[in-house]
Amino acid sequence: METGSFEKQIVLTPDLCGRRAGLSPLAAFTIFQGIASEHAEAIGVGGAAMAKRGEFWLTVHSRVDFYEPAYLMDALTAQTWPERCEGRDIRCFRSYRLTHGEKTVALGRTQWAILGPEGKILRFEQSGFPVDFPFRPGAAIDEPPTRFHDDLTQDELVYPHLVRATDIDMGRHMNNVVYIRLLLDCFSAKELASGMIRTIEAHYASPCLEGETLGVFCRREEGRCRMAVKHADGRPAVLAQVIFG
């Protein structure tokens, strides 16, 4: 393994599968979050190292595109790499690829910022990221993040969600993948297992804390669903879309 990228073999166990005994859309986000954490630990910018400096990786945006199905007990290769980032940048990208043999199962991309002491966003050069890090070229998804706007109304509320203890991560707010689970719970198990989901993209606007009651919203349009998770006062926590094809 070169330090510029990280690769791991993953067996598709039942906890990563949905109704059709295949990779669930939520599982792709879970796998990508996991390998990003492992790679960060390997290069010295994992959760514990960042916490010692009073810093925290903050997910700003995430997207996963789905291509080919993968099924129960398939052996998959998960790969991730940080994209080149300049020292003065305050946001950076990380790419992901999930394959089954020569077949691309899913591609992903997240945008990150570094939250420092006193809640200030740090420039990349102020973090503990290796100065001589061997960035590899290319991005898994070349398109820029979608710029979402919030126009979903109370009539489009699907259900409320109480943020519980198991939703909370080490940053003391709701884990990024939990938001994806809330969004996907707007669909039936049959829809999730249909293989028709092509893209899930989410912009993380504000954190949610234990004990909050959130609203999960969905507007079904031709070929896609516009979605949001909102605080009780109406502020967006996440704005998102799911594209079908």
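Two strands pair if DSSP finds at least two bridges between them. Helices (H or I, at least four residues) and strands (E, at least two) are DSSP runs, numbered from the N terminus. This is a predicted model, in which local features need pLDDT of at least 70 and side-chain atom pairs count only at pLDDT 80 or more, while totals for chains, interfaces and linings use all residues. Residues are numbered from 1 along each chain as its sequence is written, and side-chain values use heavy atoms, with hydrogens and water left out.

**Stop 1: strand E2**

Select residues 56–66, which form strand E2. Nine of the eleven residues of E2 are buried; buried means under 20% relative accessible area, exposed over 50%, and partly exposed in between (1.4 Å probe, protein chains only). To see one partner pair, pick Trp57 and look for Ile114 in E5.

**Stop 2: strand E8**

Now select residues 197–204, strand E8, where six of the eight residues are buried. E2 and E8 are antiparallel as well, with five bridges between them. Which residue of E8 stands opposite His61? The residue is His203. Further along, Val64 stands opposite Ile200 in E8.

Strand E11, residues 236–244, also pairs with E8: seven bridges join these antiparallel strands. Click on Ala202 and then on its bridge partner in E11, Ala240. While the strands are on screen, follow the side chains: in a regular strand they alternate between the two faces of the sheet.

**Stop 3: helices H1 and H3**

Select helix H1 (residues 25–42) together with helix H3 (residues 176–184). Two packed helices are described by the angle between their axes and the distance between the axes. Here the angle is about 175 degrees and the axes are 10 Å apart. Axes are lines fitted to C-alpha atoms, for helices over the stretch in contact, and angles run from 0 to 180 degrees between N-to-C directions. Angles under 35 degrees count as roughly parallel, over 145 as roughly antiparallel, 65 to 115 as roughly perpendicular and the rest as oblique. H1 and H3 are therefore roughly antiparallel to each other.

Show the side chains of Pro25, Leu26, Phe29, Thr30 and Gln33 in H1, which meet Asn176, Val177, Ile180, Arg181 and Leu184 in H3. Contact means heavy atoms within 4.5 Å.

**Stop 4: two loops**

Go to Asp167, in the loop between strand E7 (157–162) and H3. Is Asp167 buried or exposed? Asp167 is buried, with a relative accessible area of 3%. Not counting residues up to four places away in sequence, Asp167 touches several residues, including His161, His173 and Arg181.

Next select Ala70, in the loop between E2 and strand E3 (75–82). At 1% relative accessibility, Ala70 is buried. Leaving aside neighbours within four places in sequence, Ala70 is in contact with Leu12, Gly22, Leu23, Leu76 and Val105. Draw a distance from the C-alpha of Ala70 to that of Lys103: the two residues are 33 apart in sequence and 9.4 Å apart in space.

**Stop 5: the cysteines**

How many disulfides does the structure hold? The count is zero, a disulfide being a pair of cysteine sulfur atoms within 2.5 Å. For Cys85, the nearest cysteine sulfur is that of Cys92, 4.8 Å away. Cys85 is buried at 8% relative accessibility. Finish at Cys208, which is buried with a relative accessible area of 0%. The closest cysteine sulfur to that of Cys208 is in Cys186, 14 Å away and so too far for a bond.
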